[in-house]
Amino acid sequence: MTTPAAATGAGEWTERLRRDGYVVVPAGAAPKLCHRASTDIDRFKARNRRAVTANADPAGHLVRVVTLHEVIESLQPLFAANAALAVCDEFFGAETALYTSLFFERGSEQKLHRDSRAFTTRPEGRYLGMWVALEDTDTDNGPLVVVPGSHAIDPIDVTAIAEDLYGDPAAAPRNDQAGWDAYQRTVQARCTEAGLHPREVHVATGDTIVWHPQLLHGGAPHRDGARSRRSMVFHVTPVGTAVCGQDVFFDPARDMPATRAYHYVDCRGRRVTVTGTVDFGHEYEVRAADLHRPDDGALARARRACGSRVRRARRRP
Ligand SMILES: O=C(O)CCC(=O)C(=O)O
């Protein structure tokens, strides 16, 4: 259930984010920007059939694409011209930049989890999730699920989890399933003990959900396979914030720099990272330069088609 924009301001939204662990900013992205982006996604899929097919479900919906904003530029204003950025700036007390993004064309059906293990910062919590609906979502097309209040439970003893799994927190690997599962299981058990319950968030095109770094969230079952659920998740941080993985997460005593140099491009006065690759479901990566852009002319398409290259993905958040 969203709230009329006129009734609120960034301050009130930020207050809700702090209180509930998430907030819905109605029409945070203008619906016309969402329609433009959706048209470009259709064109992108039509022009890159070879690259996208292995990521699609039987209905042809892409399951999970990382950093699609690098090749479909009309996705960038959904971040850069989004009213929800006022909330992020206020929460951080600093300018918000885009660190990375995820595109889903169907409900992710992800189990409840916190993102903090994958987006570790020093100091902690310099990260937010910004989820933009490219179309309406309801109980049938896999809406986002949140557990209100789950960001505010007592701190989890991550050192104890790491000692149990790896013998020593300093031995925690940068990324592994055992660490992910053990942490998420512990958070879930604590939320259940605290009497907290999941709820679906139904939103309209353009609505933007901002979630706290410690919010437990996931994806509801996608019941109607014929329907799509196009959404972008922007993982955002203050400009230049160093983002680390599980090795640092499980070893709070480890020294790490607070900042890192990223390659940013400008979109409407906001900074957007560019890595040069698009990752399809953490299974394979394609160089951005080898993908056809939605508005490419015939020459550019032909040039790129000659040098097209697909390679195994490196694991990334
Ligand atoms: O969009 C969804 O269904 C879930 C997204 C999510 O959990 C995430 O990006 O961390």
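This is a predicted model: local features need pLDDT of at least 70, side-chain atom pairs count only at pLDDT 80 or more; totals for chains, interfaces and linings use all residues.

Modeller: Happy to! Residue numbers start from 1 along each chain as its sequence is written.

Let's start with the shell. Around the ligand you find L102, F104, G107, S108, Q110, D115, L144, H217, G218, G219, S231 and V233 (near means a C-beta atom, placed from the backbone, within 6 Å). Strands β3 (96-104), β8 (217-219) and β9 (231-238) each contribute at least two residues to this shell. The biggest share, three residues, comes from β8. By type, the shell has seven polar residues, four nonpolar and one charged (Ala, Val, Leu, Ile, Met, Phe, Trp, Tyr, Cys and Pro count as nonpolar, Asp, Glu, Lys and Arg as charged, the others, including Gly, as polar).

Now for the core. A nonpolar core is a set of buried Ala, Val, Leu, Ile, Met, Phe, Trp, Tyr and Cys residues joined through C-beta atoms within 7 Å; buried means 20 or more other C-beta atoms within 10 Å, exposed 12 or fewer, and partly exposed in between. The largest core has 73 residues, and L78, V87, C88, M130, I209 and V210 touch the most other members. Strand β3 gives the most to this core, six residues. Take M130: beyond its neighbours within four places in sequence, M130 is in contact (C-beta atoms within 7 Å) with F79, N82, A84, C88, T208, V210, F234 and V236.

Notes:
Helices (H or I, at least four residues) and strands (E, at least two) are DSSP runs, numbered from the N terminus. Two residues are in contact if their C-beta atoms, placed from the backbone, lie within 7 Å.
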